[in-house]
Amino acid sequence: MAHDEDRVATPASSATTAAAAARPAAAPAQTAVPAPAAKSTAGMRDLLANERTLLAWVRTALAFMAFGVALERFSVFIKVTGLGTGGDRAQLEELMRGAQISDVMGMALIALGGVIAAIGGARTRRWSERAEPVPGGAPGPLGLQVATGLTVALSAALLLWMLLT
């Protein structure tokens, strides 16, 4: 071609060409083999995700129980309001039926909170039995069982308290 003669080599283009020639050839692509540290990290990540899930179950159970206590205590408000109105007997009986419904619904929510905590604990235990052991001193399931047990015990204690008061 006629234009090749017109091209003048500049110092910058020569340096670029020399640098490209000095670079080593790219290494062939290798398949990724998980390192032992990556395997233990994945196991720890799964363990921590499982603990967070159990805590979400327990948090939900406590919310149900708290709402149940509030609803049951609302029946006291209904009873006091009914007694203070001085209305006729039919109106008072209707208010007392509403208070009984509030009592039953409150206790049902408290019991449901205990069931939710037990289900969360059972799911966590089932996962823990299937999971690979995590090297490096992973925390045991004792803390998770204690959290679940305390929540279920709280539910039972609240139900007993509601029945006795």
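pLDDT is the predictor's confidence in each residue, from 0 to 100. The model is predicted, so local features need pLDDT of at least 70 and side-chain atom pairs count only at pLDDT 80 or more, while totals for chains, interfaces and linings use all residues. Residues are numbered from 1 along each chain as its sequence is written, and side-chain values use heavy atoms, with hydrogens and water left out.

**Exercise 1. Confidence and fold**

Task: State which helix has the lowest confidence and which the highest, and give the order of the elements.

Solution. Helices (H or I, at least four residues) and strands (E, at least two) are DSSP runs, numbered from the N terminus. The chain has four helices and zero strands, in the order α-α-α-α from the N terminus on. The mean pLDDT is lowest in helix H1 (residues 11-22), at 54, and highest in helix H4 (residues 142-164), at 86. Over the chain the average is 75, and 67% of the residues score at least 70.

**Exercise 2. Burial and contacts of the chain**

Task: Find what percentage of the 165 residues count as buried, and what percentage of the contacts join residues at least 24 apart.

Solution. Buried means under 20% relative accessible area, exposed over 50%, and partly exposed in between (1.4 Å probe, protein chains only). Contact means heavy atoms within 4.5 Å. Among contacts between residues at least 6 apart in sequence, 88% join residues at least 24 apart.

**Exercise 3. The largest nonpolar core**

Task: List the residues of the largest nonpolar core and say which helix gives the largest share.

Solution. A nonpolar core is a set of buried Ala, Val, Leu, Ile, Met, Phe, Trp, Tyr and Cys residues joined through side-chain atoms within 4.5 Å. The largest one has eight residues: Ala 61, Met 65, Met 107, Ile 110, Ile 116, Ala 117, Leu 158 and Met 162. At least two residues come from each of H2, H3 and H4, and H3 has the largest share, with four. For one member, Met 107, the contacts beyond four places in sequence are Leu 159, Met 162 and Leu 163.

**Exercise 4. The salt bridge**

Task: Which residue forms a salt bridge with Arg 73, and is Arg 73 buried or partly exposed?

Solution. A salt bridge is a side-chain nitrogen of Lys or Arg within 4 Å of a carboxyl oxygen of Asp or Glu. The count by this rule is one. Arg 73 pairs with Glu 72, and the closest N and O atoms are 2.7 Å apart. Arg 73 is partly exposed, because its relative accessibility is 33%. Glu 72, at 4%, is therefore buried.
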